[in-house]
Amino acid sequence: MRLTIFWERMAEHFGAGYADSFARDHVMTELGGRTVHQALEAGWETKDVWRAVCSAMDVPASLR
C-alpha cells in the first residue's frame, strides 16, 4: 500500500483534521507500543500499520 493511500484511508475514517493527531498521539499495542508515525518511521509496512489501526479501532470491513 502506498503511503498516500494509507493517509487517504486514515482521513476517510478519522476525518482530515483528526487523522494526523490520532497518528501522532495514540500509542497502540498492535504496533508494539508505538504511534502510527513511530511505526512508519521504524520501517513498518503501511499495509501492516493500516491493519493494526483497523483492528484496534474497529474500522468497518467496507473501509479496510
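**Entry 1: terms and ground rules**

I call it a contact when heavy atoms lie within 4.5 Å. My helices (H or I, at least four residues) are DSSP runs, numbered from the N terminus. I call a residue buried under 20% relative accessible area, exposed over 50% and partly exposed in between, with a 1.4 Å probe and protein chains only.

This is a predicted model, in which local features need pLDDT of at least 70 and side-chain atom pairs count only at pLDDT 80 or more, while totals for chains, interfaces and linings use all residues. Residues are numbered from 1 along each chain as its sequence is written, and side-chain values use heavy atoms, with hydrogens and water left out.

**Entry 2: helix H2**

I started with H2, which covers residues 16-25. Which residues of H2 are buried? I found Ala19, Phe22 and Ala23. They lie on the same side of H2, because they cover an arc of only 95 degrees around the axis (I take the arc from the directions between the helix axis and the C-beta atoms). Turned away from that buried side, the opposite face carries the exposed residues Gly17 and Asp25. I then looked up the partners: the buried residues of H2 pack against H1, H3 and H4.

**Entry 3: helix H4**

Next came H4, residues 46-57. I checked its length, taking the expected span as 1.5 Å times one less than the number of residues. For the 12 residues of H4 that should give 16 Å, and the end C-alpha atoms are 16 Å apart, which agrees. The buried residues here are Thr46, Val49, Trp50, Ala52, Val53 and Cys54. They pack against H1 (3-14), H2 (16-25) and H3 (36-41).

**Entry 4: salt bridges**

Side chains of opposite charge can pair when their charged atoms come close. I count a salt bridge when a side-chain nitrogen of Lys or Arg is within 4 Å of a carboxyl oxygen of Asp or Glu. How many salt bridges does this rule give? The count comes to two.

One joins the side chains of Asp20 and Arg24, at 2.9 Å from N to O. Both residues sit in H2, four residues apart, about one turn of the helix. Asp20 is partly exposed at 31% relative accessibility, and Arg24 is partly exposed at 46%.

The other joins Arg51 and Asp48, at 3.4 Å from N to O. These two are three residues apart in H4, so about one helical turn separates them. Arg51 is exposed, with a relative accessible area of 53%, whereas Asp48 counts as partly exposed at 31%.
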